[in-house]
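Biologist: Could you take me closely through the sheets of this model and the helix that lies against them, giving the criteria behind each term as you go?

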Amino acid sequence: MIELKNVTKYFRTNQGKKYILKDVSITLPDGNVGILGRNGAGKSTLMRMLGRIEFPSKGSITSPNSFSWPLGLGGGFVGNMTGKANVKFVSRLYGKNEKEINDIIAYVRDFSELGDYFDMPIKTYSSGMKGRLSFGLSLAFDFDYMLIDETLSVGDARFKDKAQAALKKKIESCHILLVSHSMNTLKDLCQTGLLVHEGQLHYYEDINDAIARYEDINKGKS
Amino acid sequence: MTPRKPLPIFLAVVKALFLRELGMRMSVGKAGLFWTFFEPFAQVAMFILIRVAIIGATGSTTSYNFAVFMAVGFIAFNMFRNILSSSTGAFTANKALFSYKQVKPIDTIIARIMVEMFITGIIILLFLFIGFLLQYELKPENLVLVFAGYLWLVVFSFAVGLVVGIGNTFYVSIGKFVGIFSFLLMIASAVFFPLESIPPAGQEILLYNPLVHFMEMIHAAYIYELDDRFVDYTYMLKWTITPLFIGMWLYVRLEKKIISQ
């Protein structure tokens, strides 16, 4: 469960305050939520706030659950360290002991299919490879919620299928908050929907309703 | 995932950051590693040569071993300078890591300071080893006080580094300015000469510099022939507590901004 109380979020820009959320109070029941909204509506900011690396300007967001870091494209990796060293680092952040760390390394090495690149510096990776490492790494931990921002489209077709399958298995034991512009992915993985539009959050118990509303907005109907 | 308590999280994060920073420092290749540890020797040797050139070999005969005097001061000052410069860039360089919510900006400074202390420790051992080979008299007058002086200097460096690191996150010029300034400080911090060797007018001016007090304290504790008559411990304390409070106050106010910068 995620509870937003009077949450306002704005950024100060040269053109004055840009509002992302305006006095939003909403309680989201547990579930797999697809997040929709136009570019710049504030989907990523919302994800970052849930991941506690961005903070509301006013109000509060509370939840008894644990959240992953926002899974974006290769963020949080250090370029001149190897993939393996980065995996080790993140495992240590989560307080894993040496044995657990070795298990996680073995899992990510196997899942990401990076071959020799796993032991090479991240700066030699393509963005698809970074995404694979990032995704594999996040699967190795157990969160209540995984925050996924468009990362499912990484890698080639075969890896995409594999990632999708792994994620489906994963959401048997956890929930996801998924930002995606692919309606099929959203329908496939999420049951409920959250639409970010004009500073407000609209919750739909059926993802199909959220998608229908989103498509209306895109057609210019208000 | 079962919730963890703040202290274990902090310890796990600092440990992870420490090992990561250390790994990065050690991964610079053999040449890079060689210079990390050899540079201090080269610099101390250079300053001894400069001194001999200015005063002449005979004028430089002191009742104590001058090379030891220089090394003790230089290692301490070098540690201060390295802590300051690595704290300056700690927030901006580790920005990517703030996407893990358990990594607080201040953890990155703490980890970097621990790395600098670790490297300083190795440098001290190497200097002692070389001094031993040269059969120098290496026994300090008061080992506990030398350690206390070094540790106090670490706290002072942390305090100043925190203020500068926060400032540098919002105004990059601050870091550049401090970089230039810390080089000038080396000459004006009584690293390479005892304060008693310069005219009283100069002493008075230099004593405004808190680092002079640290250097005099450490020199006095190590070398039998020198004492701490110029050291004003209250002045040092003021210079430690003031930046520490300013730094902490700024940090508490700006932590969230630093994370989401």
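Modeller: In chain A, three strands form an open sheet in the order E2-E1-E4, with antiparallel pairing; strands here are DSSP runs (E, at least two residues) and helices likewise (H or I, at least four), numbered from the N terminus, and two strands pair if DSSP finds at least two bridges between them. This is a predicted model, in which local features need pLDDT of at least 70 and side-chain atom pairs count only at pLDDT 80 or more, while totals for chains, interfaces and linings use all residues. Residues are numbered from 1 along each chain as its sequence is written, and chains are lettered from A and ligands numbered from 1 in the order in which they are written.

At the edges of this sheet are strand E2 (16–28) and strand E4 (58–62) of chain A, each pairing on one side only. From one strand to the next the twist averages 25°, where axes are lines fitted to C-alpha atoms, for helices over the stretch in contact, and angles run from 0 to 180 degrees between N-to-C directions. Four bridges link strand E1 (residues 2–13) of chain A with E4(A) in the antiparallel sense, and A:Lys5 stands opposite A:Ser60 in E4(A). Helix H1 (residues 43–50) of chain A packs on the sheet and touches E1, E2 and E4 of chain A, its direction making about 120° with that of E1(A); contact requires C-beta atoms, placed from the backbone, to lie within 7 Å. H1(A) also lies across strand E3 (33–36), E5, E6 and strand E7 (192–197) of chain A, running at about 150° to E6(A).

Terms used: Contact = placed C-beta atoms within 7 Å.
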